[in-house]
Structure formats: structure tokens, C-alpha cells
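I am opening these notes for a structure that is new to me, and I want to record what I looked up in the order in which I looked. The sequence and the model come ahead of the entries.

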Amino acid sequence: MRKVRVGIIGCGGIANGKHMPSLSKIEEVEMVAFCDIIEERAQKSAEKFGIEGAKVYTDYKELLQDESIEVVHVCTPNRSHSFITVDALESGKHVMCEKPMAKTYAEAKKMLEASERTGKKLTIGYQQRWRGDSQYLKQVCENGELGDIYYGRAIALRRRAVPTWGVFLNEYEQGGGPLIDIGTHALDLTLWMMDNYKPKMVVGTKYKKMGDQKQTANAWGDWDPEKYTVEDSAFGFVVMENGATISVESSWALNIADPNEAVCLLAGDKAGADMLDGLRINYVKNNRQVIEKPDFKTGGVAFFDGDKGASPADLEARAWINAVINDTEPPTKASQAIVVTRILEAIYESAETGKPVYFED
């Protein structure tokens with residue numbers, strides 16, 4: 001059996017919570033190298049997930065010198081996604097980079113260009129595509145059951161669930177707050193379902209209304225106002241080249257009774273769909289309005305099973321390694337993910353300037 005030798009760069013929460021556990025379930029994978037600026041974290045990851053004799057590094061460039069490593073997973077803060085990914089691609093590795101692709105469109109463009117220049121595969125970690133409801137809805141869209149989808153809502157709204165660990169509240173490291181953290185998942189889902197990657201214009205707003213509050217009832221305990229340097233909510237209005245409209249809604253802390261995270265709503269000229277109360281497809285039949293709710297708890301092919309078997313992260317990792325082994329397209333194309341980053345950046349820019357952002361190409 002062919003073994004795919006993998007190196008992990010960044011051994012923090014997302015690597016330990018998603019990437020390494022999922023890779024460990026794939027028989028063809030060997031995790032052979034681990035890098036983190038905190039050596040102890042890399043060492044612990046190597047002991048838990050690595051093969052015997054796995055290497056530990058604090059400098060990612062040393063890891064990239066190992067020619068036996070075929071795949072690198074970049075699990076660092078957003079600020080370093082671009083330059084680490086470019087270096088990894090140019091050293092001859094295929095790269096899975098955790099979402100978002102980068103802080104800025106310019107940085108993401110360097111990543112895409114490096115992938116095209118080197119011929120190495122690049123994918124971005126948008127595992128929400130692999131949920132049972134997402135896979136089902138994608139098939140509905142591809143079958144044309146919704147018709148021409150001209151309106152979408154990308155929804156990532158929490159009531160009081162601000163992440164208080166790591167660098168989530170650090171604008172320098174992350175590039176923003178909930179918009180770039182969880183809004184990115186919702187926007188990726190929406191664009192993917194609509195199969196529409198040509199934005200024309202964006203208007204955005206952002207708010208920091210909660211950052212200075214105390215006794216917050218936050219899910220992970222009160223945050224430190226001194227370290228809260230990002231927005232707590234951001235919203236965008238996107239007009240696509242074909243006239244379609246997308247609303248982007250993101251927040252870690254919004255005073256709403258019914259939060260929903262990493263979901264979308266779609267409206268076509270034949271039918272509509274949303275993930276607001278499970279997956280619902282709405283249409284007209286026999287001159288009656290009908291709502292259809294697929295059951296993901298019983299039967300069906302395991303691939304669409306949202307309640308049993310592999311997690312979305314496991315399915316994403318399996319698809320990624322299959323793409324490497326079989327030399328096929330990766331599960332999330334970098335050419336798609338770069339559009340997500342471009343729109344997010346435009347929302348932030350519009351929010352700062354108070355003006356619309358128009359795309360020239």
C-alpha cells in the first residue's frame with residue numbers, strides 16, 4: 001500500500017481538534033513531521049499522532065527540507081497561511097491549508113499562483129461542505145431542482161459564543177473576527193451551492209458593540225476586553241455579475257434568540273432551500289406550497305449520513321488524500337476559496353470606508 005507522508009505545521013487547536021485526528025484514521029497516511037513555534041506542542045503531537053521516529057521542528061522551513069514529505073497541512077494563524085503555503089508548494093509539497101485561505105486577496109492570489117506554477121495541489125479546509133445536509137443540498141442544486149438561484153443568505157450567527165483562547169481576538173494574527181472565522185464557512189457553502197464565483201460589488205458593515213462588556217454569559221467564559229481587537233459582528237451585501245444577490249451575516253455575539261452557524265438559505269425560480277431548522281426544501285406542488293425535510297437519521301448511503309459514521313472533517317481528509325493518491329482535483333479548489341477571501345476582504349474594506357467596493361475583473 002502506498003503511504004502518503006504528511007507534515008503538520010502548527011500544532012494548536014485546529015490541528016489537534018480536526019486535522020490530525022482525521023488523518024490518523026486514514027490507513028495510507030503517515031504523519032512524519034510536526035512543527036510549532038512552541039516545541040512542546042509539536043512534541044506532544046508527534047507522540048500522539050506521529051509514526052515512530054517522527055521529527056519535531058520549531059522552524060517550518062526545516063520541515064520543508066525533508067524531500068520524503070509529500071503533503072503539508074498548514075494549521076497556523078491566518079496571518080501566516082500565505083507565506084507558509086507558498087514556501088511549501090515551492091518545496092514540492094501538496095498543501096491543505098486551514099480556512100480561510102488568507103487574510104487578504106493579494107495573499108491568497110500568491111498561494112493560487114504558486115500552486116499553478118509548481119503543479120502542486122492546494123486545497124482549503126472548508127469541511128462544512130461534507131456535512132450530510134450540505135452534500136444533499138449540493139446534489140439538489142446540481143440537479144437543477146431550485147432552478148436559477150438568484151438569492152442567497154450566508155449565515156454564521158452566534159448569540160454569545162466568542163472564542164477566548166488562542167489568537168481569535170487578535171486582529172493582527174487573524175485579520176478579523178467572526179466574519180473571517182465563521183462567516184467564511186457560511187459564504188463558502190453559499191457560493192458552492194450557487195456555483196457562482198463572480199462577484200461584482202460589495203457593501204459591508206461591522207460592529208464592535210460587545211467587546212468592552214463584562215459579565216457576558218459567554219459560552220467559553222468572559223473575554224478580556226483588553227485583548228478584544230476585532231469586530232463582534234459583520235455583515236455584507238454582495239451583488240454578483242449575473243445579478244444574483246447574497247447576504248452575508250456573521251457574529252460571535254449578537255442579541256438574537258435563534259442563532260445559526262455555517263448555514264445557508266437559497267431562493268431559486270423553481271424552489272428554495274434553507275438549513276435553518278434542519279434542511280428544508282420548499283416548492284409548489286399541485287398548486288400547494290410544500291416543505292420537504294430529508295431524514296438524515298435513517299438509512300441512505302453512508303456518504304450522506306449526517307448522524308453516523310465519519311465526521312465532515314474525516315470525509316474531507318479522506319477526499320483530500322484520495323486526490324493526492326489518484327492525482328485528481330482536491331475537494332475544495334483554491335480558485336473557489338480565493339473568491340471567499342476576496343469578498344470577505346471587500347466587506348471589511350467597505351465597512352472601514354463607508355463606500356461600496358467594485359471588482360474590476
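The entries below go through the sheets, the helices packed on them, a helix pair, and the spaces in the model.

**Entry 1, the model.** I noted at the start that this is a predicted model.

**Entry 2, the parallel sheet.** I asked in what order the six strands of the open sheet with parallel pairing are arranged. I read the order as β3-β2-β1-β4-β5-β6, with β3 (55-57) and β6 (122-125) as the edge strands, each of which pairs on one side only. From one strand to the next, I found that the twist averages 25 degrees.

I then turned to helix α4 (residues 81-90), which lies across β1 (4-9), β4 (71-74), β5 (94-98) and β6. The helix α4 runs at about 165 degrees to β5.

I found another open sheet, in which nine strands follow the order β14-β13-β12-β11-β7-β10-β9-β8-β15 and the pairing is mixed. Its edge strands are β14 (288-292) and β15 (357-358), and each pairs on one side only. When I looked up how strand β13 (residues 280-285) is joined to β14, I found five bridges and an antiparallel run, with Q289 in β14 as the bridge partner of V284.

I looked next at helix α1 (residues 13-24) and helix α9 (residues 312-326), whose axes come within 9 Å and cross at roughly 60 degrees; the crossing is right-handed. Which residues make the contact? I listed K18, S22 and L23 from α1, and A313, D314, E316, A317 and I321 from α9. Sorted by class, this contact has four nonpolar, one polar and three charged residues.

**Entry 7, the cavity.** I searched for cavities of 30 Å³ or more and the count came to one, with about 50 Å³ of space in the largest cavity. Its lining consists of K18, H19, S22, L23, H73, M96, A313, E316 and A317, and the elements that give two or more residues to this lining are α1 and α9. Helix α1 gives the most, with four residues. By class, I counted the lining of this cavity as four nonpolar, three polar and two charged residues.

Last, I asked how much space lies in the largest pocket, and I read a value of about 1100 Å³. The lining of this pocket is made by 42 residues, and G13, I14, C75, T76 and P77 lie nearest the centre of the pocket. I found that α1, α4, α7 (171-174), α8 (178-194) and β11 (260-268) are the elements that give two or more residues to the lining, and that α8 gives the most, with four. By class, I recorded 19 nonpolar, 13 polar and ten charged residues in the pocket lining.

Terms used:
Residues numbered from 1 in each chain as written. Predicted model: local features only at pLDDT ≥ 70, side-chain atom pairs only at ≥ 80, totals over all residues. Heavy atoms only, no water. Axes fitted to C-alpha atoms, helices over the stretch in contact; angles between N-to-C directions. Left-handed = near helix turned anticlockwise from the far one by under 90°. Contact = heavy atoms within 4.5 Å. Nonpolar A, V, L, I, M, F, W, Y, C, P; charged D, E, K, R; others polar. 1 Å grid on protein atoms, 1.4 Å probe; cavity = no way out; pocket = protein on both sides within 12 Å on 5 of 7 lines; lining within 4 Å. Points joined across faces, edges and corners; volume = space filled by probe spheres on them. Pairing = 2+ DSSP bridges.
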